[in-house]
Amino acid sequence: MLKVEVFSSPGCGKCAQARDVLKEVVESLGTDKVSWREVNILEEMDYAVDLGIMASPSIAIDGKLEFTSLPRASTLRAALLRRLE
Amino acid sequence: MYAIGKLAQQADVTPDTVRYYEKEGLLAPTRKTEAGYRLYDSDAVRRLRFIRQAQQCGFSLAEIGELLALKNSDEACCKDVRSVAIGKKLQLEHKIRALQLMSHALGELITSCNDEARPLDACPILAALESSVAKQAKGGRDA
């Protein structure tokens, strides 16, 4: 199962809106195929540093930093579909 | 109003530092005297202290410029500043991690050198550094 992790900080309204759209993309691919986790960067700073995350928000797929800002829904969808093929 | 020396004293910096901040666009005199001396008001003191404090938190002058712009922007809110601060904290955590690795590597080199009476050409620390320089040079050629 693909693991999508979104690193951001709570209280960022702009992120929350964009995050919801991306979450829908992930869920539309099937929750049995792709998992979604929202990571509070302030609570898991060590893990974020492990993955090389330098900016918030960022997205990692399967433990690898993939986007250093929130991508468009279509970009995330394409990145996930490539991996699911 | 403060002259440049007095202003610098208020924030525990030198007049040269104040001039440098001015050159970088972080600070400006409130006005100049007819003789061309710079004069500053109490806002300049606050701004100067803000710059110093931000520097101590690891912000570069360019980042401090961004923070000051946010501070004076009608459209920005504290979330924007928080986001800049989180980015800086991430950078610092990465630096700490890199420093820890360097410290660990040095610790290993120090452990490998257990005979202080050895001649310099048999020094394992120097040998290890030489070999790492040689490896890097080879890697650079191979790349």
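**A close look at one helix**

A: Among the elements that cover the buried residues of α3(B) are α1 (4–10), α2 (15–23), β3 (38–40) and α4 (61–71), which belong to chain B as well. Before going on, keep in mind that this is a predicted model.

Let's start with the helix itself. α3 of chain B takes in residues 42–56, so 15 residues, and at 1.5 Å a residue that should give a span of 21 Å. The C-alpha atoms at its ends are 21 Å apart, so expectation and model agree.

Now for which residues are covered. Four names come up as buried in α3(B): B:A44, B:R47, B:L48 and B:I51. Around the axis they take up an arc of only 100°, which means that they sit on the same side of α3(B). The general rule behind this is that an α-helix makes 3.6 residues a turn, so residues three or four places apart point the same way. Turn to the face away from that buried side and you find B:S42, B:R46, B:Q53 and B:Q56, which are exposed. Just past the end of α3(B) comes B:G58, with a positive phi of about 100°.

One of the covering elements, β3(B), leads on to the sheet of chain B. That sheet is open and has 3 strands, in the order β1-β3-β2, with antiparallel pairing. β1 (2–3) and β2 (31–32) of chain B are the edge strands, each pairing on one side only. Between β1(B) and β3(B), which run antiparallel, there are 2 bridges. B:A3 is the residue opposite B:L39 of β3(B).

B:D12 isn't a glycine, yet its phi is positive, at about 60°. As a rule, most residues other than glycine have a negative phi. Buried or exposed, then, for B:D12? The cut-off for exposed is 12 or fewer other C-beta atoms within 10 Å; B:D12 has 10, so it is exposed.

Chain B contacts chain A through 9 residues, which meet 11 residues of chain A. Sorted by class, the chain B side of that contact has 2 nonpolar, 4 polar and 3 charged residues.

Chain A has an open sheet too, made of 4 strands in the order β2-β1-β3-β4 with mixed pairing. Its edge strands are β2 and β4 (64–67) of chain A, each of which pairs on one side only. From one strand to the next, the twist averages 30°.

β1(A), residues 2–8, has 5 of its 7 residues buried, so the rest of the structure largely encloses it. With β2(A), residues 34–40, it pairs in the parallel sense over 7 bridges. A:L2 is bridged to A:V34 of β2(A), and A:E5 to A:R37 of β2(A). β1(A) is also joined by 4 bridges to β3(A), residues 58–61, and those two run antiparallel. In β3(A), A:A60 is the bridge partner of A:E5, while A:V6 has A:I59 opposite.

A:I59 also stands opposite A:F67 of β4(A), and 3 bridges join β3(A) to β4(A) in an antiparallel arrangement. The hairpin of β3(A) and β4(A) leaves 2 residues between the strands. A:D62 is in that loop and has a phi near 50°, a positive value in a residue that isn't glycine. A:D62 counts as exposed, because it has 11 C-beta neighbours inside 10 Å.

Finally, chain A has a helix of its own to look at. α3(A), residues 73–84, lies across β1, β2, β3 and β4 of chain A and runs at about 150° to β1(A). Its 12 residues reach 16 Å from first C-alpha to last, close to the 16 Å expected. It is hardly covered, though: among its 12 residues, the count of buried ones is 1.

Notes. Residues numbered from 1 in each chain as written. Chains lettered and ligands numbered in written order. Predicted model: local features only at pLDDT ≥ 70, side-chain atom pairs only at ≥ 80, totals over all residues. Expected span 1.5 Å × (residues − 1). Buried ≥ 20, exposed ≤ 12 C-beta atoms within 10 Å, placed from the backbone. Arc of directions from axis to C-beta. Contact = placed C-beta atoms within 7 Å. Pairing = 2+ DSSP bridges. Nonpolar A, V, L, I, M, F, W, Y, C, P; charged D, E, K, R; others polar. Axes fitted to C-alpha atoms, helices over the stretch in contact; angles between N-to-C directions.
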